[in-house]
Amino acid sequence: MKRTILITIVLFAAIGVIYYMVMGWQKDHRNEVANSNREERDVFGMSATGQAASSNAVDVEAEAEAEAEAAAASGGAVDISELERKSRSYTENIVKGMTETVLKDASDSLKKQTTANDLNLSFESVTSDLGNYVGIESTTQGKTDSYREVTVTLRYEGNDGASIRYVYDKKGRLAGIWFDNTRLAASVTKGSRYEEKSIKIGRNPYVLDGKLTLPILNTQDTGRDKPPIVILISDRNDSDMDGTLGEARNTPLREVAHGLALRGVASIRYNKRLSQYPDTANAGAGIREYLIKDAWMAIDNAGYLNSIDTNAIFVMAWGEAAEYLPVIIEQRSRRIAGAILVGAKPVRHEDMSYLDEATKVTSDAKYFSVKNKTLPLMFLQGEKDFETPIKCFERWQSLLTGRVNVAYHQYKQLGHYLFQGGKEPSGKDYDVKDTVNNSCIADIANWCAGISQKED
């Protein structure tokens with residue numbers, strides 16, 4: 001009898017354990033589903049500023065590892081160039097009123113949230129007052145957490161524009177879509193003009209020669225009395241104000257300055273200290289003297305100009321100079337509306353002279369993901385840039401995951417200075433006469449115009 005009772009108790013205990021294990025698994029599964037749905041709602045939800053809601057940036061290494069695992073599970077990551085082509089095709093269909101074709105490849109969640117008629121009405125509400133459609137102006141790529149974004153900018157008459165932001169999941173399915181208005185830089189037209197003035201940057205004994213390039217604005221076309229301004233900084237420490245390089249004497253900074261002016265954006269460029277005062281190197285001057293201090297003074301110079309919009313001061317730097325933008329910007333953050341980095345590596349630099357420890361300089365790419373998460377950023381990268389490999393551009397996107405106000409532009413045939421790259425890119429490319437790609441200059445001008453419009 002006792003043995004029967006004991007067996008019965010053991011059986012009931014075993015059944016109880018199994019029951020609680022099953023119930024616990026079901027609870028965990030429900031939580032997992034709920035968390036998954038919560039993430040999806042965040043992506044489709046709109047914040048007060050009209051941006052897609054997103055979580056804070058996570059550890060880069062962990063995020064990259066998780067992304068790789070997810071990509072492997074879904075059969076591989078989606079090529080961003082493929083998404084850009086798809087986005088352009090969607091855009092042309094939306095402009096033609098064929099929005100039903102856009103939803104064919106959409107995720108189930110998006111199909112449940114909207115209809116082709118809803119998309120038509122939303123797009124018409126944004127573009128109805130913009131005049132005649134001119135065409136697609138540019139595309140920009142980016143990432144938010146586990147999603148990919150492509151923003152297509154459309155040009156309408158009178159420099160008015162509209163943007164369509166597409167959000168894709170890792171399988172390349174359309175997971176979200178938003179429409180918005182934007183202001184574009186003035187297009188290049190016959191008779192567009194600008195003027196250049198000689199200026200001085202810095203203090204004695206190292207006063208640097210520079211140029212202020214000012215567009216002559218047509219207020220009716222631009223909608224503003226004073227232009228935004230871009231401080232142009234070459235990555236070569238002995239560069240002149242035009243960025244002259246190679247046997248062909250190419251002048252990338254000069255071309256960017258003139259191209260921006262034709263599109264309603266002013267600029268400042270100047271001789272690097274080691275170009276105008278080569279003996280500086282023999283005096284033991286470091287990066288703080290011949291790059292950072294002079295950049296600060298150029299920014300201050302722009303801040304005192306009456307001819308430009310002092311609330312729209314941008315800094316654009318190439319290569320190593322761009323890698324020092326964190327320390328340049330940190331000391332002038334109140335003056336700067338945004339930063340443009342061309343062919344930059346996401347690195348941490350630390351420089352110090354043992355002769356003078358006060359010259360210590362630390363510049364860390366994580367400044368943009370930890371200390372200053374709101375400054376608008378724009379990244380330009382040529383796929384034929386032999387100085388800065390494309391993996392650096394991709395690493396920036398991982399480092400800045402979850403950040404808003406970041407634009408990424410990738411150019412298939414261009415090199416470090418946004419010239420056409422050779423078949424086997426090398427320093428010999430700089431010996432061939434070439435010019436900065438006009439599309440790049442248009443992308444820069446439009447981005448500055450859009451950011452300064454938000455500041456207004």
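Helices (H or I, at least four residues) and strands (E, at least two) are DSSP runs, numbered from the N terminus. Residues are numbered from 1 along each chain as its sequence is written. The model is predicted, so local features need pLDDT of at least 70, side-chain atom pairs count only at pLDDT 80 or more, totals for chains, interfaces and linings use all residues, and side-chain values use heavy atoms, with hydrogens and water left out.

H349 is found in strand β11 (residues 348-353). H349 is buried, at 17% relative accessibility. Buried means under 20% relative accessible area, exposed over 50%, and partly exposed in between (1.4 Å probe, protein chains only). The H349 side chain makes a polar contact with the side chain of E323, at 2.8 Å. A polar contact is a pair of N or O atoms within 3.5 Å; within protein, one must be able to donate a hydrogen and the other to accept it, and residues adjacent in sequence count only if both atoms are side-chain atoms. Neighbours within four places in sequence aside, H349 is in contact (heavy atoms within 4.5 Å) with E320, E323, Y324, V361, T362 and S363.

The chain has a mean pLDDT of 80, and 77% of its residues reach 70 or more. Residues 17-78 have pLDDT below 50; beyond near neighbours in sequence, this stretch has 58 contacts in the model.

Nonpolar cores were examined next. Such a core is a set of buried Ala, Val, Leu, Ile, Met, Phe, Trp, Tyr and Cys residues joined through side-chain atoms within 4.5 Å. The largest has 51 residues, and I268, L325, L341 and F368 have the most contacts inside it. Helix α10 (residues 287-303) gives the most to this core, with 10 residues. A second, separate core has 34 residues, including W318, L418, I444 and C448. Residues up to four places away in sequence not counted, L341 touches A317, A322, L325, F368, L377, M378, F379, L380 and W396.

The whole structure holds 13 aromatic pairs. Rings of Phe, Tyr and Trp (its six-membered ring) pair if their centres lie within 6.5 Å; planes under 30 degrees apart count as stacked, over 60 as edge-to-face and the rest as tilted. F368 and W396 form a tilted pair, because their ring centres are 6.4 Å apart and their planes lie at 50°. This pair links distant parts of the chain: F368 is in helix α13 (residues 367-371) and W396 in helix α14 (residues 390-399), 28 residues apart. F368 is buried at 0% relative accessibility, and W396 is buried at 2% relative accessible area. The F386 and Y430 rings are also tilted, with centres 5.7 Å apart and planes at 40°. Here too the pair links distant parts of the chain, 44 residues apart: F386 lies in the loop between β13 (377-382) and α14, and Y430 in the loop between β14 and α15. F386 is partly exposed, at 36%, whereas Y430 is buried, at 13%. Ring pairs link Y367, F368, F379, F393, W396 and Y408 into a cluster.

Charged residues complete the survey. The charged end of R335 sits over the ring of Y304, 5.1 Å from its centre. This requires NZ of Lys or CZ of Arg within 6 Å of the ring centre and within 35 degrees of the ring normal. K423 lies in the loop between β14 (406-411) and α15 (438-455). K423 is exposed, with a relative accessible area of 85%. K423 and K384 are 39 residues apart in sequence and 8.5 Å apart in space, C-alpha to C-alpha.

Technical notes: pLDDT is the predictor's confidence in each residue, from 0 to 100.
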